[in-house]
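User: I have a model open here and would like to go through it with you. Could you start with the terms you rely on?

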Amino acid sequence: MSDTTPPSNSPSPSHAPNAVTHSYIPGFYIGDRPKVVTSRFEYEDSYTLERSLATDGYEGLKKCLAMSPQEMHDEVRNSTVLGRGGAGFPAGVKWGFTPQGVWPRYLVVNGDESEPGTYKDRLLMERDPHQLIEGCLIACYAAGLSQCFLYVRGEMALAQERIATALNDAYAAGYIGKNILGTDFSVDIVLHWGAGAYVVGEETALIESLEGERGMPRLKPPFFPAAVGLYGKPTIVNNVETLANLPFVALNGSAAYTAIGTPTSPGTRMVAVSGHVKRPGVYEIINGSTTFRDIIYGDEFSQGIRDDNDLKAFVPGGGSAPWFVEDQLDIPFEGKQAGAAGSMLGSGAIMVMDSTTDIPHAAYTLTKFYAHESCGKCTPCREGGTWLMRMLERVVAGHGTDADLDQMREVGQTICPGEMPHASSERLGLEAVPFPYKMTTICFVGPSAWAPLHSALTLFPEEFDAIVTKVPKRVSIPVTALSGADA
Amino acid sequence: MSRLSDHNVVLAKEIIARYPKQKSALIPLVHLSQEQNGYVTEDAMRHIAELVNVTPAEVLGTASFYEMFKFEPVGKYVVNVCTTLSCALLGAGELMHHAEEKLGVKAGGTTADGLITLEPAECQAACTEAPCLQVNYRHKYRVTPADFDAMIDDLRAGKLDGEIPPHGTLGTQRQHIPDDKGVGAVHPDDVTDGPAWIPAPAPEESN
C-alpha cells in the first residue's frame, strides 16, 4: 500500500486506474477542460506559496483591492457562483443578506466535508490552500467581514497541516493580517479544528461548534446566519469550493467565469465518482452541461462500469440524495433538471453500483451513516433514523418480515411527510416525484437516513421482497371490544 | 497528572486569544490535551474549563459530542476502517473482518499490548480510493488484506514513526499568528463601526 500509487494487487483488476496523470494526487485526473479551481494541481508543489505566486496566486486579490468592495461584490453576484456545499445558493446573493450597519460581520469557511462519497474540499485544501485563502480574503473584502474562521474537518490531518503552513507563509508575506498589501484592508484568518461530527457540516451547527458548543443545528427561520450567526452577529458561511472559485472571478472577471458552463450553472464543478467504475476519480467538469452518462462512461472521466457490468443504480449527489438509475443517465449535472428528476446534486459526489450490488445492504450502509450521525436534537431523526437502521439491519441479515418494510415506510413518513422524491423507472412504470421533500426535522440529517432507503425500496422492491418473510397482516382489536368482554 | 503542561498552556493562551469569545477555543484545547495525553482526561477538562472560563461539565458536554475525543486510554495508533457505501462496495466489510482476525480484537477494541485500537468509521473523504482506512487520521488507500498485515507489522516495528505521530496529534504543523502581523480578535460587543475598508457614510446599495 502506498499513498501515491495504487497497489498492483488491488481487490478488483478493473479497479486499478489506467493513465495516472498525477500519481501524487491519488484519485485526481486532470483533463483538457477549462480549469477554475484545479489549475495548479498539475504541479507537485501546488500547495506552496512559491508555486502559488509563480502561477498568478494572490493576483486576484490585488485586482480585488483595486476595486471598491461594492464592485467586487457585484462581480461575484454577476458571476452567479453557486454554493458548492449542497444547497446551490448563489454566493453573491447570500452575502447581500447581511443587515445594513450591523457590525462586526464574520466569515466562516465550511471545510467540514463529510458527506458520503464527497471528496473535493479535501483536495482543494490539501493541494491549493493559498487559493482558498485568497478566496476568503476576497469574500471578506467584498462583504465587509472582519474575521475569518476556517473550520476544517478534524479527520483531515494533511489538510490541517497544509493550511496551517499556508497561513503562516501568507501572514509572513503580508497577504493576511494588518493592512494587507499596504491597504486599509485588515483581516485575520483563524484555522479551526473540527473533532468529528457530520452534522457540523450544516451551517448553524458549524457556528454552534465554533462557539465551543455541541454541534447541533439552530432552528431557522426566523434567523439565518447572514443576519444572526456567530456570536449573534451577521455571518457568512461558505463552502471551501465556493470560495476557491473567487480568485478566478476576481482575476478574470465575471464574464470569463460565466463563459464556462451554462447560464443557470456557470463555471466548473468538482465531482467525485466512486464505487463500481473503471476509473474512480475526482474531476473538474464543465458545470451544467456534462451529463451523468458522460461522467460515468466518458473516456476522460470514469470510463464505464467495472468488468463492463450493467449499471444498477447511482447516487447523484452525495449520500443524502435519492438514487438515480439507468433512465436518468442523460440528465446533465445541473441542479434544476436533477431536481425535476427526483434528486439533487448536493455536494457533487456520484457513487455507482453495478449489477452485482446487494441493494438492501447498500442502502443499509447509508442509513447507518445518518443514524449514527444524528445529533439527537429532533426526535424524528434521533429515533426514526435509528429505527430505520435497526429494521434494515434485521432485513439485511435475513430475519426481516414484510411488516418491517411497512414499518420502515411509516417511520419514513414521520421524517418526511407526504410524497418522497424519487426517480422515474421505465422498468417499474414509475413517474418521477420531484425534489425537494417535506421534513419534520431542523436539518437534512433525518431525511438523509430515509432518502437512500426510500429509493432502494421504491426502485428495487423485488430485492427486499426476496429476503423478507411474508407474515399475515396483524389485525388490531379495538380496545372497546376488549373492555366490553371484560365487563 | 494530566493537566496541560506549561508549554501547552502557552499554546492554549495563544489559541484562546485568536477568538472573539474564549469558549470558541474549547474544541482546539481539548485536541491539545488529547495530543498531550493520548486521550481526554478529567484533569485536563478541569484545566481547560479554567482556561476558557466555563464549568468542567460544559467542557465534557461539548467534548463528548465529538467522535474524535476519547475519554478512555486508546492505542498509540487508532486504525479507523471506513464502512460507508463506496468502501463497502469495494470490500470494506472483508477488510474489517480481516483486521479483526489479524489484530485479535473486535471492532472498537484495543490490542493486548495497548498499541492498536481498531474502530469502524464513517466516510473519510477518500471514496475513489476504496477501501480506505486512517491511522491516527492519516489516510491509507486501496488497502488489501496483505497491505493491512504489512502496515500492522510496520507499526509494531516502529517503521512508520516518522509518518504517523501518536494518537492525539492532529497536525504536525500549527498556525502561528505573529504579534506584529495579526489584527487581533475583538469581543463582538466591543465593535460598533464597520471595518476600515468599507466606506462608512454611504452604506452599500440595498440588495
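Analyst: Two strands are taken to pair if DSSP finds at least two bridges between them, and the helices (H or I, at least four residues) and strands (E, at least two) are themselves DSSP runs, numbered from the N terminus. This is a predicted model, in which local features need pLDDT of at least 70 and side-chain atom pairs count only at pLDDT 80 or more, while totals for chains, interfaces and linings use all residues. Residues are numbered from 1 along each chain as its sequence is written, and chains are lettered from A and ligands numbered from 1 in the order in which they are written.

User: Now the sheets. What is the strand order in the parallel one of chain A?

Analyst: The order is β3-β2-β1-β4 of chain A, an open sheet of four strands with parallel pairing. At the edges stand β3 (188-193) and β4 of chain A, each with a single partner strand, so one side of each is left without a neighbour in the sheet. Neighbouring strands are turned by 20° against each other on average, direction ignored; axes are lines fitted to C-alpha atoms, for helices over the stretch in contact, and angles run from 0 to 180 degrees between N-to-C directions.

User: And β1 of chain A, how many bridges does it make to β2 of chain A?

Analyst: There are six bridges between β1(A) and strand β2 (residues 147-152) of chain A, in the parallel sense, and G111(A) stands opposite V152(A) in β2(A). Five bridges, again parallel, join β1(A) to strand β4 (residues 235-239) of chain A, where L107(A) has I236(A) as its bridge partner and Y106(A) stands opposite T235(A).

User: Why would you call β1 of chain A largely enclosed?

Analyst: Because six of the six residues of β1 (residues 106-111) of chain A are buried, the strand is largely enclosed by the rest of the structure. A residue counts as buried if 20 or more other C-beta atoms lie within 10 Å of its own, as exposed if 12 or fewer do, and as partly exposed in between, with C-beta atoms placed from the backbone. Both faces of β1(A) are covered, with Y106(A), V108(A) and N110(A) buried on one side and L107(A), V109(A) and G111(A) buried on the other.

User: Which helices lie across those strands?

Analyst: Helix α7 (residues 157-172) of chain A lies across β2 and β3 of chain A, running at about 160° to β3(A), whereas helix α8 (residues 203-210) of chain A lies across β1, β2, β3 and β4 of chain A, at about 110° to β1(A). G212(A), which follows α8(A), has a positive phi, near 90°.

User: What about the mixed sheet?

Analyst: That one is also open, with four strands of chain A in the order β6-β5-β8-β7; the edge strands are β6 (281-286) and β7 (311-315) of chain A, each pairing on one side only, and the twist averages 25° from one strand to the next. Four bridges join β7(A) to strand β8 (residues 349-354) of chain A, and the two run antiparallel, with A313(A) partnered by M353(A) and V315(A) by M351(A). Five of the five residues of β7(A) are buried.

Notes
Contact = placed C-beta atoms within 7 Å.
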